[in-house]
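This report describes a helix and its surroundings, a set of charged pairs and a surface patch. Please consult the sequence and the structure alongside the text.

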Amino acid sequence: LFASPLNCRHPRFCSASADVDSLFGSRGSFFCCAPTSGAFLANPPFDPLVVAAMARRMQRLLAAADAANARLTFVITMPHWQMPRGPHLPAWRSLRDSAFTTSALVLAKGRHFYVDQQGAPSPSRHETSVMLLQSREAAKEAPFTEAMQARLRSAFAMQSAGSDETS
């Protein structure tokens, strides 16, 4: 939902620059897109105003999906904002405490990685939150079980040096 042609792996995505990115599959800004069903990944800019606006938009879309008995899911990956001061904590809490949040995982600093643009693993320098927001029908039809959470954690986990085991 906050991609670019350089980091998206899907043929259709939302981006900040639809005027340029539409040639590559962008549907425009997430704030102008109105999905009614499906599953979507969001890794928003790490700006508390953007995250708060995203949370409000997702909650409106999920409420509409509930009214229509539709299945709608958002998976959000972002920093685990726990600083006691500043604008970050309320934005993060607006997602974690949403009535639509069915799961909120924390991936430990240094124990998971991201893939950089060259395809190399880059260890996380901060804790990461992975939150799942779902409409009632989506939560009923595709609950985020403990087994699924374990697979997600494993997918993010770094490989130990010289070992095939996941740390």
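## The buried face of helix H3

Helix H3 spans residues 88-96, and His 88, Leu 89, Ala 91, Trp 92 and Leu 95 are buried in it. Here, buried means under 20% relative accessible area, exposed means over 50%, and partly exposed covers the values in between, with a 1.4 Å probe and protein chains only. Helices (H or I, at least four residues) and strands (E, at least two) are DSSP runs, numbered from the N terminus. Viewed down the axis of H3, the buried residues fall within an arc of 165°, so they line one face of the helix. That arc is taken from the directions that lead from the helix axis to the C-beta atoms.

The cover over the buried residues of H3 includes helix H2 (48-67) and the strands E2 (72-79), E3 (101-107) and E6 (128-134). Contact here means heavy atoms within 4.5 Å.

## Basis of the model

This is a predicted model, in which local features need pLDDT of at least 70 and side-chain atom pairs count only at pLDDT 80 or more, while totals for chains, interfaces and linings use all residues. Residues are numbered from 1 along each chain as its sequence is written, and side-chain values use heavy atoms, with hydrogens and water left out.

## Salt bridges

Side chains of opposite charge can pair when their charged atoms come close. The whole structure contains three salt bridges, each defined as a side-chain nitrogen of Lys or Arg within 4 Å of a carboxyl oxygen of Asp or Glu. In one of them, Arg 136 pairs with Asp 66, and the closest N and O atoms are 3.3 Å apart. Because Arg 136 lies in helix H4 and Asp 66 in helix H2, this pair ties together parts that are 70 residues apart in sequence. Arg 136 is exposed at 54% relative accessibility, whereas Asp 66 is buried at 11%.

Another salt bridge joins Asp 97 to Arg 96, with the closest N and O atoms 2.7 Å apart. Arg 96 counts as partly exposed, at 32% relative accessibility.

## Glu 137 and its surroundings

Glu 137 belongs to helix H4 (residues 136-141) and is buried, with a relative accessible area of 19%. Lys 140 forms a salt bridge with Glu 137, the closest N and O atoms being 3.1 Å apart. Both residues lie in H4, three residues apart, or about one turn of the helix. Lys 140 is exposed, with a relative accessible area of 57%.

Leaving aside residues up to four places away in sequence, Glu 137 touches Asp 66, Asn 69, Ala 70 and Arg 71. Of these, Asn 69 sits in the loop between H2 and E2. Asn 69 has a phi near 55°, a positive value in a residue other than glycine, and is exposed, with a relative accessible area of 57%.

## A nonpolar surface patch

Val 20, Leu 23 and Phe 24 form a nonpolar patch on the surface, with about 360 Å² of accessible area together. Patches are made of residues with over 30% relative accessible area and no salt bridge; like charges are joined within 9 Å and nonpolar side chains (Val, Leu, Ile, Met, Phe, Trp, Tyr) within 5 Å. Accessible areas come from the Shrake-Rupley method with a 1.4 Å probe, and for residues only the protein chains shown count as cover. Val 20 is found in helix H1 (residues 18-21) and is partly exposed, with a relative accessible area of 48%.
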